[in-house]
Amino acid sequence: MTHPSDTGPAPVLALRDISKSFGAVRALRNVSLELFPGEVHALAGENGAGKSTLIKTLAGVHRPDAGQVLLDGEPVVFHGPGDARDAGIAVIYQEPTLFPDLSIAENIFMGRQPRRAIGRIDHKATHEATAGLMRRLGVELDPDRPARGLSIADQQIVEIAKALSFDARVLIMDEPTAALTGSEVARLFGVVRTLREQGAAVLFISHRLEEIFEICQRVTTLRDGAWIASEPLDGMTEDDLVRRMVGRDLDELYPKQDVTPGEVALSVRRLTREGVFTDVSFEVRCGEIVGLAGLVGAGRTEVARAVFGVDRWDAGEVEVGGRKLTNGAPSTAMAAGLALVPEDRRAQGLVMDMSIERNIGLTGLRTTRRAGLVDRGAERSRSLDWAVKLQVKYARIADAVSTLSGGNQQKVVLAKWLATGPKVLIVDEPTRGIDVGTKAEVHRLLSQLAADGVAVLMISSDLPEILGMADRVLVMHEGRLTAEIPRTDATEETVMAAATGRAA
Amino acid sequence: MPESLSRAVRWDTVVGALLVVVLLFSLGFVDGFGNSLNLSFLIGNTLPIALIALPMTLLVVAGEIDLSVASTAGLSGAVMGALWNQGMTIETIIPLCLVLGAVCGLVNGLLVTRLGLPSLAVTIGTLAAYRGIAQIVLGSDAVTDFPTQYLDFAAGRLGDTFLPQAFLPFLVLLAIAVVTLHATPFGRSLFAIGAAEEAARFAGIRVKRHKLILFVATGLMSALTGVFWALHYASARYDNATGLELSVVAAVLLGGIDFDGGKGTLGGAVAGVFLLGALQNVMSLVNVSAQSQIVVTGVLLVISVLGPRVARQIEVARAGRRAASAPVSKAPAPTS
């Protein structure tokens, strides 16, 4: 292990040889980690590497089977999250839950508001204290504003302020940027730097490697529950880090094959849904991967939903393989050869309580029946085939999909749709929340599909993914298509200019 | 057995075993239970619950409910009596009653699927409305003079056995319901709709159409039950089958059908129906009053909602200890 220096400050929090098992599964094996005041420390690893278990151990949710947690060099035992909080450890989750009808100040001081005589809440003191916290963080948020309607980014700021109000010295941020836009990430990083300068220790988890390199000084890598390395990020490359995480050299992250586009497979003409998107026209050809970029809320997902038929459109038309689609009818879209991998795999992509097999079978109920009944043999062979092709890691094909990791769940969603043999595949945020190894697999799969003649429309907020995979990039801004950029001209600058409404 | 049902299956088995225990106990210890006349009463009195429980099971699996079933049955019986008084032939009346039942179901279904209203509220409304119409149609009359061959069929037994003649048609309907729920794409879709309606929609399943069909089928079966009821008891009155919805819902939930949708088997539901029927029969034999029987049914309903849930929590707690290492992408709120 490398320390900043042997004579430097002592770690505020340290884990020594922590092990934790759940039944036969060894989630953590002899993991050690040191957090120093004034550092932002990355925790890297694929899905299932043990990051969540480690965080929960630090937060007092899990008690380790073996090993020690040291606070300021003294061994401590957390009996619950309250103990960890009292010790100055705070966890900021990806999607905070605030009381929507209470103000920011009331949320921060919930249950421990400053009091006046006979127990009345001192609103003025609450307000002042909150304003002070916001000043410390360098953000402008009105303490009296209700939490309802705050963006996820603002809600995270409120959570951070709350942590500070508990005098937290260690902040654990679990994928805080997953749902943020570019400018929100920049502001969050500004806050993190402020905290660091004030001497806080931050443990930062993100699947976006460029963020790790931007904000963190050191990184601890886990793989399959085991500690791999703790080291400074200076001098490391993204490839080095990926190699630590996956334990081998990763094939290219964006393995895009060159394909000559064929005939038009998806044609969207002047599609409008009042108040959501307006006059959207584009085509996707067989063999093409077309990226659909834009800020969150620009209307990309909404266009995909309308094209597939989950929402109705008010004007325009959609053709798949020359067949006009019926407004608001996913079943006719499927019959025409359209497939949609939706953005929310838990609510939209999968029936979480159903088996892997039945989830994959769900899209084939109409096409693979025998004598009007579900053909269970065909259902099983279809799901086994695709689970193998996509290398889904599962114990039994009859297990509920909720038992799988996020990346494997996403593969099941892909399998479910690829099994329909689509002509046109729309994927909405296909790699959100997925580890880098699985991400490369999904990209290779999309590239292969395009090479086999499938027309792919890829919606993504991950700009490197769009630039790395798309033959053409369509950009939406405030419900309108503002640019179509060929692969050769697509750069972060040109895409972001169109996405933010600035002239390219 | 399919894994998505495995927890419910365990509950089914519990209910099935309980049914056997109650039957054996009653045969051994309850005077008059085992004679064939009583057994035929038991089955005959339980058939109305069983008939409506078939579509109700599918409806609850799909995440909806229909509380207007008893009123629809009452309306169907009342209309049957009124038309018979008008001099219409029974062969014309029965199909008309069935159509009426389907229309009652259609009204429920349209209110739920087109207007997006919760079925619990809608069908409490139509529970009152359909019963009110029944009273308007027939007043306080009781019509009893239906053709004897029909009365004999509805009350008669199969040869020397204790089985009612109507048991055979019930078996046919049961077979149709079992195949529909557990072997057809339609039935498979119902489980998906009940477990995750949005995901079902994204898989191209026509959620509203499925639900509408179920409401119509439920109305139809309720009307058929109303016809059977009037003939079985040789009495068509506006208040026939009052309160039957309580027994149907209690029996279905007792059979392990999850009130939140997405889980359960018809085998469990039918076991629940006959368990409830057997308990009601035994209570009558040992002179428990009708009012007290309703209390017992109500308590059973609460237990049947609680039972599978407690069983599942124990199961989840056990599984949780085994699989808590699975990566969690969304963690709960940290504080407060």
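Tutor: Start in chain B: helix α3 (residues 69-86) and helix α11 (residues 244-254) of chain B pack at an angle of about 135 degrees, and their axes are 7 Å apart. Helices here are DSSP runs of H or I with at least four residues, strands are runs of E with at least two, and both are numbered from the N terminus. Axes are lines fitted to C-alpha atoms, for helices over the stretch in contact, with angles from 0 to 180 degrees between N-to-C directions.

Student: Where do these coordinates and numbers come from?

Tutor: This is a predicted model, in which local features need pLDDT of at least 70 and side-chain atom pairs count only at pLDDT 80 or more, while totals for chains, interfaces and linings use all residues. Residues are numbered from 1 along each chain as its sequence is written, with chains lettered from A and ligands numbered from 1 in the order in which they are written.

Student: Back to the pair. What is the orientation of α3(B) and α11(B) to each other?

Tutor: Oblique. Under 35 degrees counts as roughly parallel, over 145 as roughly antiparallel, 65 to 115 as roughly perpendicular, and the rest as oblique.

Student: Which residues make the contact?

Tutor: Val69(B), Ala70(B) and Ala73(B) on α3(B), and Leu244(B), Glu245(B) and Val248(B) on α11(B). Contact means that C-beta atoms, placed from the backbone, lie within 7 Å. By class there are 5 nonpolar, no polar and 1 charged residues. Ala, Val, Leu, Ile, Met, Phe, Trp, Tyr, Cys and Pro count as nonpolar, Asp, Glu, Lys and Arg as charged, and the others, Gly among them, as polar.

Student: And α6(B) with α10(B), at what angle do they pack?

Tutor: About 100 degrees, with the axes of α6 (148-155) and α10 (207-232) of chain B 8 Å apart. They are therefore roughly perpendicular to each other. Tyr150(B), Leu151(B), Ala154(B) and Ala155(B) of α6(B) meet Phe228(B), Leu231(B) and His232(B) of α10(B). That contact divides into 6 nonpolar, 1 polar and no charged residues.

Student: OK, sheets. What is the strand order in the 6-strand sheet of chain A?

Tutor: β16-β17-β18-β13-β19-β20, an open sheet with mixed pairing. Two strands pair if DSSP finds at least two bridges between them.

Student: How do β13 and β18 of chain A run, parallel or antiparallel?

Tutor: Parallel, joined by 4 bridges between residues 289-294 and 455-459 of chain A. Gly291(A) is opposite Met458(A) in β18(A). Helix α15 (436-451) of chain A packs on this sheet, touching β13, β17 (424-428) and β18, and its direction makes about 150 degrees with that of β18(A).

Student: What about the 4-strand sheet in chain A, which order?

Tutor: β12-β11-β14-β15 of chain A, open and antiparallel. β12 and β15 (323-324) of chain A are at the edges with a single partner strand each, so one side of each has no neighbour in the sheet.

Student: How many residues sit between β11(A) and β12(A)?

Tutor: 3, in a hairpin, where Gly275(A) in the turn has a positive phi of about 75 degrees. The two strands are joined by 6 bridges, and Ser267(A) has Glu283(A) as its bridge partner in β12(A).

Student: And on to β14(A)?

Tutor: β11(A) pairs with β14 (315-320) of chain A over 5 bridges, antiparallel. Arg269(A) stands opposite Glu317(A) there.

How values were computed. Contact = placed C-beta atoms within 7 Å.
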